[in-house]
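Subject: A structure for you to explore

Hi there,

Here is the structure I promised to pass on to you. Please open it next to this email and look up each residue as you read.

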Amino acid sequence: MLAAALLLLLLAAGPGPGRAGLREELLLSPLPAGDVAATFQFRTRWDADLQRGAVSHYRLFPKALGRLVAALGVRELHLALTQGFWRTRAWGQPPLQAPAGAELWVWFQPTVTDVDKAWKELSNILSGIFCASLNFIDSTNTVTPTASFKPLGLANGTDHHLLRYAVLPREVVCTENLTPWKKLLPCGSKAGLAVLLKAERLFHSSYHSQAVHIRPICRDASCLAVSWELRQTLTVVFDTFSSGQGKKDWSLFKMFSRTLTDACPLASQSKVYVDISPKNKEKELLEVTPPPASVHEAIVQGDKRTYAVYDLLSPSLFNTSRSLNVQLKWKRPQDSSELPTPVLHAQRYVSGYGLQTGEISTLIYNTHPYRAFPVILLETVPWYLRLYVHTLTIITKGKENKPSYIHYQPAQDRRRPHLLEMLIQLPANSVTKITIQFERALLKWTEYPPDPNHGFYVSSSVLSALVPSVIAMKDVDAEQSPLFTSLFPSSDGSSYFVRLYTEPLLVNLPTPDFSMPYNVICLTCTVVAVCYGSFYNLLTRTFHVEEPSRGGLAKRLANIIRKFRGVPPL
């Protein structure tokens with residue numbers, strides 16, 4: 001009878017929650033000029049169907065994001081909050097790059113009837129969750145790309161009308177954005193790699209970027225069932241050369257003011273990777289302590305890398321010491337001539353003079369010695385910069401380079417921005433210059449920000465390309481490979497996917513003299529007070545004639561005394 005009762009209770013409770021797993025890792029990469037890049041990745045995988053709305057119990061997956069995905073019909077969500085700019089030419093290709101400010105792009109389910117309404121509601125909810133200004137996302141800064149942002153997870157179709165993309169380049173990232181991001185982690189910041197996320201150290205850096213990626217993935221090799229993946233990434237670049245008194249040596253304690261003591265109890269994998277790839281084939285430059293238990297070799301972004309691996313779940317790691325403080329020393333100074341140049345990098349700037357017209361120039365570099373490849377360029381320009389599309393020119397090696405695909409959506413004043421997408425072929429070892437002229441619009445005086453003379457920001461350009469690899473890459477299992485190599489899987493062994501962002505632009509617009517209203521108000525008030533006030537005072541004042549009084553007893557006594565003293569009376 002007891003067994004039957006338990007069986008009835010289990011059947012009445014319905015299906016239980018799906019299996020969930022957590023993997024966390026930290027990638028430490030020495031950069032040229034003494035900088036060090038630290039990339040945290042936390043992946044929460046949940047074997048459940050969020051779209052059916054039958055999930056009522058959440059274990060590792062955050063309930064706030066799970067219910068948001070189920071309620072608004074979200075298929076993929078990618079949010080990044082970045083402070084600073086990743087210098088690709090000096091630092092190389094990043095594992096995950098994001099533009100300065102706030103970036104949000106979302107794919108919705110085909111069952112969503114009103115995508116714009118769901119997009120607005122989603123941005124407002126995310127603004128509350130992450131304490132960011134995402135509620136300022138509206139139709140004036142939202143576009144629908146057709147070729148640049150494809151789904152990173154499972155996708156039944158690629159109807160671009162279900163995609164929304166927006167950037168707030170002026171968003172400032174600070175501690176109030178980091179705190180809710182850390183609260184989404186299963187262990188918070190109490191255990192595991194998250195103990196290193198000390199706000200005062202993370203924001204004392206050259207570059208800081210935190211992101212949240214939600215996508216559906218295959219549950220197994222057969223891909224008959226769907227699992228949901230939440231990937232939280234944080235990338236920070238420390239300038240240890242200037243903070244370390246001219247020394248390039250660094251350690252976990254120098255960067256984060258903390259060391260690792262244990263792994264997250266809920267994590268199935270917790271590892272620290274240190275890039276010890278030799279920059280010179282004859283002699284290694286780096287020496288890492290304590291000695292790693294294992295070494296991992298992989299082809300990352302077309303380059304062969306060697307990583308020292310520290311497994312926090314290994315019992316032998318904390319046998320000799322209670323904490324892990326990874327240290328790296330340079331055996332000999334690094335020669336600047338040994339620094340590799342990225343195959344694909346770009347830069348953008350504004351030229352011209354005056355406050356009427358200008359020109360936006362974008363330079364795209366392909367440094368591959370013998371391979372040409374196409375690149376998709378996405379330009380989003382605010383409506384108050386009126387583009388002259390007929391002035392669009394693309395020059396490569398002194399010749400005109402016609403794009404094989406172009407999509408342009410003109411802006412509407414105060415309603416939507418310009419959208420320009422082009423597929424451009426980049427010849428080997430070439431520089432492609434793209435220029436387009438624009439005219440500055442005159443805004444209404446109520447549309448200017450509180451500091452109009454600071455300028456107006458234009459979001460970064462986006463470059464998406466399959467860059468050919470010099471070294472052949474092998475197909476590896478995504479579950480066994482490190483997390484930093486599995487978000488953008490390679491389509492084949494000869495190329496890898498790269499998404500780059502250029503610098504945001506700062507453009508000055510014709511700005512009225514906002515001190516003139518203040519001067520007019522002061523002058524008007526002065527005239528009213530002096531002229532009209534005096535005239536009104538004369539019209540309303542009443543005059544009375546007062547007879548001089550003879551004085552009282554005290555005055556008489558005073559005059560008698562003054563008379564004896566020879567002083568004139570009062």
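Below is what turned up in it, going from the whole chain down to single residues.

Please keep in mind that this is a predicted model.

**The chain as a whole**

The protein chain has 10 helices and 26 strands. Of its 570 residues, 46% count as buried. The chain exposes about 29,400 Å², and carbon and sulfur atoms supply 56% of that area. If you take the contacts between residues at least 6 apart in sequence, 76% of them join residues at least 24 apart.

**The nonpolar cores**

In soluble globular proteins, nonpolar side chains tend to be buried together. Here, the largest nonpolar core has 93 residues, and Phe40 and Val274 touch the most other members.

**A nonpolar patch on the surface**

Some nonpolar residues sit on the outside: Leu553, Leu557, Ile560 and Phe564 form a surface patch with about 490 Å² of accessible area together. Ile560 belongs to helix 10, which covers residues 553–565. Its relative accessibility is 46%, so Ile560 counts as partly exposed.

**A closer look at Thr82**

Thr82 is found in strand 3, residues 74–83. Is this residue buried or exposed? Thr82 is buried, because its relative accessible area is 1%, and the cut-off for buried is under 20%. Which partners does its side chain reach? One is the backbone oxygen of Pro99, at 3.3 Å. Another is the side chain of Ser209, in a polar contact of 3.0 Å. Leaving aside residues within four places in sequence, Thr82 is in contact with Ala98, Pro99, Ala100, Gly101, Glu171, Val173, Tyr207, His208 and Ser209.

**Salt bridges**

Side chains of opposite charge can pair when their charged atoms come close.

- Arg231 and Glu229 meet through their side chains at 3.0 Å, N to O. Arg231 is buried at 1% relative accessibility, and Glu229 is buried at 2%. Both belong to a network of salt bridges that links Arg43, Arg215, Glu229 and Arg231.
- Asp275 and Arg305 form a salt bridge at 3.2 Å, N to O. Asp275 lies in strand 10 (residues 269–275) and Arg305 in strand 13 (residues 303–311), so this pair ties together parts that are 30 residues apart in sequence. Asp275 is buried at 5% relative accessibility, whereas Arg305 is partly exposed at 23%.
- Arg414 and Glu447 meet at 2.4 Å, N to O. This pair links distant parts of the chain, 33 residues apart: Arg414 is in the loop between strand 20 (405–409) and strand 21 (418–426), and Glu447 is in the loop between strand 22 (430–440) and strand 23 (456–458). Arg414 is partly exposed, with a relative accessible area of 34%, and Glu447 is partly exposed at 28%.

If you want a place to begin, pick Phe40 in the largest nonpolar core and then move on to Thr82 in strand 3.

Happy exploring!

Key: Residues numbered from 1 in each chain as written. Predicted model: local features only at pLDDT ≥ 70, side-chain atom pairs only at ≥ 80, totals over all residues. Heavy atoms only, no water. Core = buried A, V, L, I, M, F, W, Y, C linked by side-chain atoms within 4.5 Å. Buried < 20%, exposed > 50% of the residue type's maximum accessible area, 1.4 Å probe, protein only. Patch = residues over 30% accessible without salt bridge, like charges linked within 9 Å, V, L, I, M, F, W, Y side chains within 5 Å. Areas by Shrake-Rupley, 256 points an atom, 1.4 Å probe, with all protein chains shown as cover. Salt bridge = Lys/Arg side-chain N within 4 Å of Asp/Glu carboxyl O. Helix = DSSP H or I, 4+ residues; strand = E, 2+ residues; numbered from the N terminus. Polar contact = N/O pair within 3.5 Å; in protein donor to acceptor, adjacent residues only side chain to side chain. Contact = heavy atoms within 4.5 Å.
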